[in-house]
Protein chains: 4
Amino acid sequence: MMTTPVPVVETKLQAWERRAEWPLALAAVLFLAAYSVEVLATPAGAAAVAVRIVSIASWLMFVVDYAVRLCLADQRWRWFSRHLFDLAIVALPVLRHLRLLRLVTLITVLNRAVGHAIRGRVVMYTVGGAVLLVYVASLAVLQNERGYPGAQITHFGEALWWAMTTITTVGYGDLTPVSPTGRVIAVLLMIGGISLLGSITATLASWIVQRVADEDTAARVVTTEHIDVLVTEIQELRAEVRRLGGSSRPRDGLDG
Amino acid sequence: MMTTPVPVVETKLQAWERRAEWPLALAAVLFLAAYSVEVLATPAGAAAVAVRIVSIASWLMFVVDYAVRLCLADQRWRWFSRHLFDLAIVALPVLRHLRLLRLVTLITVLNRAVGHAIRGRVVMYTVGGAVLLVYVASLAVLQNERGYPGAQITHFGEALWWAMTTITTVGYGDLTPVSPTGRVIAVLLMIGGISLLGSITATLASWIVQRVADEDTAARVVTTEHIDVLVTEIQELRAEVRRLGGSSRPRDGLDG
Amino acid sequence: MMTTPVPVVETKLQAWERRAEWPLALAAVLFLAAYSVEVLATPAGAAAVAVRIVSIASWLMFVVDYAVRLCLADQRWRWFSRHLFDLAIVALPVLRHLRLLRLVTLITVLNRAVGHAIRGRVVMYTVGGAVLLVYVASLAVLQNERGYPGAQITHFGEALWWAMTTITTVGYGDLTPVSPTGRVIAVLLMIGGISLLGSITATLASWIVQRVADEDTAARVVTTEHIDVLVTEIQELRAEVRRLGGSSRPRDGLDG
Amino acid sequence: MMTTPVPVVETKLQAWERRAEWPLALAAVLFLAAYSVEVLATPAGAAAVAVRIVSIASWLMFVVDYAVRLCLADQRWRWFSRHLFDLAIVALPVLRHLRLLRLVTLITVLNRAVGHAIRGRVVMYTVGGAVLLVYVASLAVLQNERGYPGAQITHFGEALWWAMTTITTVGYGDLTPVSPTGRVIAVLLMIGGISLLGSITATLASWIVQRVADEDTAARVVTTEHIDVLVTEIQELRAEVRRLGGSSRPRDGLDG
């Protein structure tokens, strides 16, 4: 049921992907840091150049990773056509925030502490994803709204407040984005919000269903363990019958 | 469990319905295209006439389909009284958007790619239905609000933005419909929204419940496969007992 | 699992309750009609008197029902202390809308058409309850807001629109109640809204969980039917062993 | 499955915790009462001093409890590092509201009336927690907004109304907090709101899933009781086979 690949002999591509995992997570962290500074501190002069360099460096790491994986692939055209998404987040600036998906590597490590319980992992990804989504959406909305005529969201505090009212589907409407890009980001946040709601409810429902089943011993569902007990019982019975047959059959010499 | 009808001998009505499926889906697409052009481009002169013709042509396809099915039915009055909904979406202009339900044919085809997994199909219909609902509701609200005094929704972008805040139940209230028809459309969108939320949550809950059950082998629920193993065990035991009986009974001649 | 009481010998109290069921449902309908006319038509003169009479008549039916039940009860003090809620909805004007709970009798009849499937009944009560709640809340809010200074909800159409945005938790905020009573009604509607959402989601989740289980025969859960098959198999085996024993035992005369 | 600790020999620390449970619940009630009076009545002079004393007294009870538990712990550093949260709610004024978590003791007592059914307990904690959260958030928002320039929430009634629209995720936006602290409280209330929604839905889903399973006897899931019946059947069969063997084996003297 687990989907961790267990390759018998690791191909060169798989070896690269394993080794590139952490550098790419680092690249995502660098990109997030550079983007945060760019939006929040609006640096000028040398600082702006430094931020720009960090941003480009993190992008280059993704470019290199894409190029190396394309080279190492056995069937390049097949690999290319199956990894159009990887190409898109490298080539299209509008999708650059999706590089942050690499931070899933960090959540995976946190998950090791939590253990392999499916509900624990769902909670982890839900909380981690929601926090990251609110933070990045706040930054992105602030960047796009700030300069727009008639904008209501002009500080990071306001952006965070707006993002929280949106992802929880409360939607006061005291602050709303007015620029087209800001509204696209808002729609993504809303979709994130109903997924968040769904995820919390589903985890709780699964937990309650299990607890209710555990609660009443009489209603406890039969597991394969019980069936093993039954099979053992029947096999012992067969052994007994065979012994009985063994004790009577030789005497008769009918099927000796 | 599947509800695809498998008629042994196809009646004329069933043959027609099978053959009419795709033309009607096409009629729905034509209707959607004509409606989109009508609302978004507000064509004048020859263009308006062309749009009108396409719209009427798609309507005629539904009229013909209804008439043919009524003629082919064995018991016409019974068929008539059981297909009042079909009559309504053909005869009442206010229900004309419901003809788009025929687009379910397209989703069904996409589903074939996804496979028959129930959760995959639920996700497909949820996403497909939500996208179509948002698009059509945006068009319809725009058409009804545009000319109304004090209207806030006057562009398609605004209509889409409003539809997204409504279906996700965020409801900022920065733009709200003011015409009675616009508010009826909004109510339908809200009902669609809570169904969307319910559908997403339910799919996630079902997925988590299954994963939790799969996760722990000790807690794995017994399936009919396990029972088959048991039955085989017992049948082999009976065979052994019968052989044993066969070896002793003839000797005694008691129940020969 | 069903909770329909099946009394062996009906007491006088039970006989009365069974016979009073339909008159009380009628009283609830009368009350709803009178209340609707009172709020929507704001009648004057003779019409107002007529509405008042109908309203009082429906109330009297509840008073008579309460009095008769109190008289017929075996242990009056015990019955009194356990039916404080019944007393409250008869004696306190502020709780008079709760008499509409008697309309559950009507939903129960509709349910008979739907059958006894639990999900069908949940859907029925959810839809029926939501429609009634929206209608009554609209009337009540309109009555309380209309005359309040600074009121935004002054027509029934606006009241309905506001009730729909509230129960779906969309909450545009274009119209909000400002009177204290109006806000109490709004809070009840919000609580109804989150219950509605929960009910829809839960019904869908239950449906999907069942469909997923049905879908894959290999994963089908073992039912008591399968166990019956097993028990039959074992009993036949026992019969065979007994026959075998019967054929050998008499001959040996050991346990004759 | 229950998590009530049943220590064989109670340590001094456990004895203290058991005895301190009720006084700390009382301290939480005192703190809530003092806070309510402080915010709602804004007392002056001697009354303000009295409220201050009650507030400090309730705080001292938590300080004493923390100190005693630290002293009684076997491995003090380990206990200290594992109870940083306890230290935080005692030492940091900003977290003082979290002392109200001690009121869980009261809900636990109410639960004893409800019984040990898991769904009953979930409903209890959900309702109890929601009511307390709305009340405390209303007080806290009122205290923080009241004096803030441009504040919209200036009376307790408004604060309660705003808290209800927020926790149900309706979010009209007619009243919104404008101070930073007020917005932090609002975010906590929103998170409480989506948890409330999740909790209600999950409880309903669990209830429906169970009712659906109960409804159809043919579909009833096999429980350990059924397996016990099977095991008994097989054991009786084995006894019969053994008796049969006993009746034939001695005669043959093959296995003594």
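Visitor: How many aromatic pairs does the structure hold over all chains?
Guide: Over all chains there are 20 aromatic pairs. Rings of Phe, Tyr and Trp (its six-membered ring) pair if their centres lie within 6.5 Å; planes under 30 degrees apart are stacked, over 60 edge-to-face, the rest tilted. This is a predicted model: local features need pLDDT of at least 70, side-chain atom pairs count only at pLDDT 80 or more, and totals for chains, interfaces and linings use all residues. Residues are numbered from 1 along each chain as its sequence is written, chains are lettered from A in the order in which they are written, and side-chain values use heavy atoms, with hydrogens and water left out.

Visitor: What geometry do Y66(A) and W79(A) have?
Guide: Tilted, at 5.4 Å centre to centre with 55° between the planes. Y66(A) is in helix α2 and W79(A) in helix α3 (residues 76-82) of chain A, so the pair ties together parts 13 residues apart in sequence. Helices here are DSSP runs (H or I, at least four residues), numbered from the N terminus.

Visitor: Switching to charges, how many salt bridges over all chains?
Guide: The structure has 12, each a side-chain nitrogen of Lys or Arg within 4 Å of a carboxyl oxygen of Asp or Glu. E17(B) and R69(B) form a salt bridge at 3.4 Å, N to O.

Visitor: Which domains does chain A have?
Guide: Domain 1 (11-91) and domain 2 (96-237), with bounds from an automatic or database domain assignment. Their C-alpha centres lie 25 Å apart.

Visitor: How many residues are in contact there?
Guide: 21 residues of domain 1 of chain A touch 20 of domain 2 of chain A, contact being heavy atoms within 4.5 Å.

Visitor: And what area do they bury between them?
Guide: About 1900 Å², 73% of it on carbon and sulfur atoms. That is the accessible area (1.4 Å probe) that two parts lose on being put together, summed over both.

Visitor: How many salt bridges cross that interface?
Guide: The rule finds zero between domain 1 and domain 2 of chain A.

Notes: Helix = DSSP H or I, 4+ residues; strand = E, 2+ residues; numbered from the N terminus.
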